Amino acid sequence: MNLIYNIGLLAGIQPEGVLRVEGAAQGRTGMLENAWLAIEDGRIVDFGKMGSVTPGSDRSVMPDPDRASIDACGGMVMPGFCDSHTHVVYAGSRDGEFLDKINGLSYEEIAARGGGILNSADLLQQTSEDELYRQSLVRVQEMMDKGTVAMEIKSGYGLCPEAELKMLRVIRRIQETVPATVKSTFLGAHAIGRGYSHEEYVQAVIDMIPQAAEYADFIDVFCDEGFFTVEDTDRILTAAQHLLTPKIHANELAVSGGVQVGVKHQALSVDHLERTTDAEIEALKGSWTMPTMLPGSSFFLGLPYGRAKDFIKAGLGVALASDYNPGSSPCGDMRFVMAQGCIKMRLTPIEAFNAVTLNSAYAMGVSQEYGSITRGKKAALILSTPGWDLTKLAYHYQTPFIRQMLF
Ligand code: NIG
Ligand code: FE
């Protein structure tokens, strides 16, 4: 057993069985000052106030030389970040398009010139599987260094059967090598692959599903103006029924109908939501689908920020994720995401914290194990230097705060 003692603030405590927080509950989380936390076989077994022993437990809360203990030295202990939406397996860079963007071209204009996702697909097809793994692992390591303990990674830069499978194999290799938990999503329907007509490519995606399902946990479709229609999405998700759970890209470029078709197919999450009307909020009520917003792409592309506050007022929960990718969000820093949730979306620090931990764990199906300080969950934790709390975490959003990570 391990004991962490002298914890200045234990933040993010939730009772067992709470898999997401919605409405007013998103603004609450349990905290204990001056605390200890015990870990056995990598799981949280107990926690309490220094100097206290829980009823029925004979655990001393003083450091014991016979067991591994960590002196938190007054630092904060919190659950590691959960990033439910990333595209970190990609080849090379799109820094040329960064200059086009600075010179005034929109995301759609860059894509229409054959740049964007197709540019990444060309690069990926020319890159060997080993090299793709090597490049991607650097980004995954960067995310873990910034506090992420669980992440989702999508395919979608292959855009032909061979290269999509190459991506899914690389994601599997990452799953097998890193201490963070990694969930895998088949995003064949990210853009129309070169050489296919729209109709041919939708059929090709449908044909790839059985093989993709051997690797992936989820299926995603970029259901948006200029990419895939609601009808395409419906066909693809119908073909994937019983094989892959949906997570949908919706309402980034236009009010796309992607939220409604996602809810219809019991998507675990609908993501982006920069362009949302009250109809989308209504459609999500009573569903098991987690609305997920990606403020990093609003920041990078100059898009509106999602209406997170309105979703919460309507009684829904909201998750935030990084969308780390070369075209719309080249950054996997979940603490920056949390800060943007506060600064740009007016979430309270606790609402934003729950959005980047418990609710984002829910949005990739891992909130039984991750996202809060709960007995029985994985001890996937951030130990900070002294003096931190959840407000400071978002306020001083670039000051280094991590002293140690536990996975
Ligand atoms: O989530 N919007 C679609 N897909 C990604 C961007 C992909 C890219 O531009 O490479 C996103 O923003
Ligand atoms: Fe994305």
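Rings of Phe, Tyr and Trp (its six-membered ring) are taken to pair if their centres lie within 6.5 Å, with planes under 30 degrees apart counted as stacked, over 60 as edge-to-face and the rest as tilted. By this rule, the predicted model contains eight aromatic pairs. In one of them, the ring centres of Y201 and F228 are 6.4 Å apart and the planes stand at 45°, so the pair is tilted. Y201 belongs to helix 6 (residues 198-212), whereas F228 is in the loop between strand 9 (218-223) and helix 7 (230-240); the pair thus links distant parts of the chain, 27 residues apart. Helices (H or I, at least four residues) and strands (E, at least two) are DSSP runs, numbered from the N terminus. Both Y201 and F228 are buried, that is, under 20% relative accessible area (1.4 Å probe, protein chains only). Ring pairs join Y196, Y201 and F228 into a cluster.

The model is a prediction, in which local features need pLDDT of at least 70 and side-chain atom pairs count only at pLDDT 80 or more, while totals for chains, interfaces and linings use all residues. Residues are numbered from 1 along each chain as its sequence is written, chains are lettered from A and ligands numbered from 1 in the order in which they are written, and side-chain values use heavy atoms, with hydrogens and water left out.

Charged side chains also lie over rings, a contact counted if NZ of Lys or CZ of Arg is within 6 Å of the ring centre and within 35 degrees of the ring normal. K101 is placed over the face of F300, at 4.4 Å from the ring centre, and R375 over the face of F47, at 4.3 Å.

The iron ion (ligand 2) is coordinated at 2.1 to 2.3 Å by NE2 of H85, H87 and H249 and by OD of D323. Donors are N, O and S atoms within 2.8 Å of the metal (3.2 Å for Na, K and Ca); water is not among the atoms, so sites may look incomplete. The spacing of the donor residues in sequence is H-x1-H-x161-H-x73-D. H85 lies in the loop between strand 6 (81-83) and helix 1 (95-102), and D323 in the loop between strand 13 (319-320) and helix 12 (334-343), so the pair ties together parts that are 238 residues apart in sequence. H85 and D323 are both buried.

Grid points are joined across faces, edges and corners, and a volume is the space filled by probe spheres set on the points. The largest pocket has a volume of about 240 Å³. Of its 18 lining residues, S93, R94, D95, P326 and P330 lie nearest the centre. Helix 1 gives the largest share of this lining, four residues.

Two cavities of 30 Å³ or more are present. The largest cavity, of about 90 Å³, has 14 lining residues, with H87, Y107, H190, N325 and S328 nearest its centre. The second largest cavity has a volume of about 40 Å³, and helix 5 (161-177) contributes the most to its lining, with four residues.

How values were computed:
Buried means under 20% relative accessible area, exposed over 50%, partly exposed in between (1.4 Å probe, protein chains only). On a 1 Å grid over the protein atoms alone, a cavity is a set of points where a 1.4 Å probe fits but cannot get out, and a pocket is an open set with protein on both sides within 12 Å along at least five of seven lines; lining residues have an atom within 4 Å of a point.
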